[in-house]
Amino acid sequence: RGDAKGRSIERVYVDGREFFGNDVMSAIRNIPADMIESIDIFNAQSDQSEFTGVDTGEGHTSLNIVTLRGAFGRLYAAYGIPDKYIGGGNVNLFDHDRRITVIGLANNVSLQNFSFEDILGSSGESDRTAANKNFMVKPLDGLSTVQALGINYSDDWGAKAKIAASYFFNRTDNHNLSQTEKQSFTSTDKLVLYDDENSSRALNLNHRFNSRIDYRISASHSLMMRTSLSVQDNDSRNELLSRTDNRFSEEDIRFVYRRRNFGDNDSRGVNFSNQLTYRYRLPGSRSQNLTFGAGGSYRSYEQLSRPRQYTFRDPDNTACDTTDYSSRNITRTQRSQPGYQLNGSTRYTLSVTKRSRLSLEYRLNYAAYRVDRDTRRLTDRNRFPEERDPKQSAEYDYAYLTHRVGATYQYRFRKTKVA
């Protein structure tokens, strides 16, 4: 967190839109000074409090950075020996309430995410989740060649509607090589020696789309819709060569076996969710509000894996020739996991006094999923049987329905809140 005028800054906004969530220092340090027109410090309330007018005690001290209007950005590129490169940048088009940002990145030096300065324009999200997470991926070990593209759009549609939407694409070609040496002590005088070399390659394609639309119907009615879609495609290959020996003394080391494990794994995943929230401020001298929520999500996951394991007990077979093995285990597994969720909620909030409030809430959630795992083992005749392996296969459906009812009473006195 940062401090300003003796107050702890918990959130940073850019032109009134949330930026970097709770990571205040990253936001402050990575915004170019020549892009700042002014800075405001204020006490912000939660989304619920802003609409209902009831202070829930969940407010925070925030800092709003007002940027200059117009078109600006930056581009960079570098090349080094041997055949290493990096390039990227961003283009920002700011026209009053309309903000359009395009960011790009390409390199083969394992830089897998944009810099914080490049995602300056992607601050259209107004919820508690940091907007920059829509443009990030989980870093991978090893050497990676990366191409990434992000587009963010935010605007006010008239006096009542606001929209923030973003699209992100990432392609990562990852190579990883590792070596392991291990010694395991046993209850006898034997010492187990193990070493291996593991090489892998994975190609990952990732698409993500997120949007939020806020529509203030009137002073007493508002509607919000959030939509999220992600599509991922991952193809991986790996090979592991290992050797195991038993050492009884410095002169007595006995070979046990070598193993060669290799295989490929193809995965596809889709996740979609949509949520609607309607808020209604009831008439009357006391602040009373009703909030209705409804939504659902769908996900689908498919995987095809083909692992192969060969064991060699001949110490002279150093090449691990798969035509001369002692034993083998080859399987093929197809896995499918589709499912969906539906949810609804109702919340009533009453301002009892200036310092206290009462809320009643009911939530309903229904979920249904299907799991289908089909595993088949290669026979001695080099054929996969028509019937699945019963020990490694499974097929079942499951669903559940949950109801939640709750009541909350809050009392606030200065900086103290009791609930």
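Let me start with glutamate 250, which at 60% relative accessibility counts as exposed, where exposed means over 50% relative accessible area, buried under 20%, and partly exposed in between, with a 1.4 Å probe and protein chains only. Its partner is arginine 247, and the closest N and O atoms of this salt bridge are 3.9 Å apart, the term standing for a side-chain nitrogen of Lys or Arg within 4 Å of a carboxyl oxygen of Asp or Glu. Arginine 247 itself counts as partly exposed, at 22% relative accessibility.

Before I go on, please keep in mind that this is a predicted model, in which local features need pLDDT of at least 70 and side-chain atom pairs count only at pLDDT 80 or more, while totals for chains, interfaces and linings use all residues. Residues are numbered from 1 along each chain as its sequence is written, and side-chain values use heavy atoms, with hydrogens and water left out.

Of its 419 residues, 36% count as buried.

Strand E14 covers residues 253–282, and it pairs with E15, residues 288–312, in the antiparallel sense over 25 bridges; pairing here requires that DSSP finds at least two bridges between the two strands. The two form a hairpin with five residues between them, and glycine 284 in the turn has a positive phi of about 135 degrees. Within this pairing, leucine 276 stands opposite alanine 294. E15 also pairs with E17, residues 339–351, in the antiparallel sense over twelve bridges, and with E16, residues 327–336, it runs antiparallel with eight bridges.

Which residues does threonine 277 contact, leaving aside its neighbours within four places in sequence? They are Ser222, Leu223, Met224, Thr291, Phe292 and Gly293, contact meaning heavy atoms within 4.5 Å. Threonine 277 counts as buried, at 14% relative accessibility.

Coming back to charge, aspartate 264 and arginine 308 meet through their side chains in a salt bridge of 3.0 Å, N to O. This pair links distant parts of the chain, since aspartate 264 lies in E14 and arginine 308 in E15, 44 residues apart. Aspartate 264 counts as buried at 11% relative accessibility, whereas arginine 308 counts as partly exposed at 25%. Both belong to a network of salt bridges that links Arg237, Asp264, Asp266, Arg306 and Arg308.

Note on methods: Helix = DSSP H or I, 4+ residues; strand = E, 2+ residues; numbered from the N terminus.
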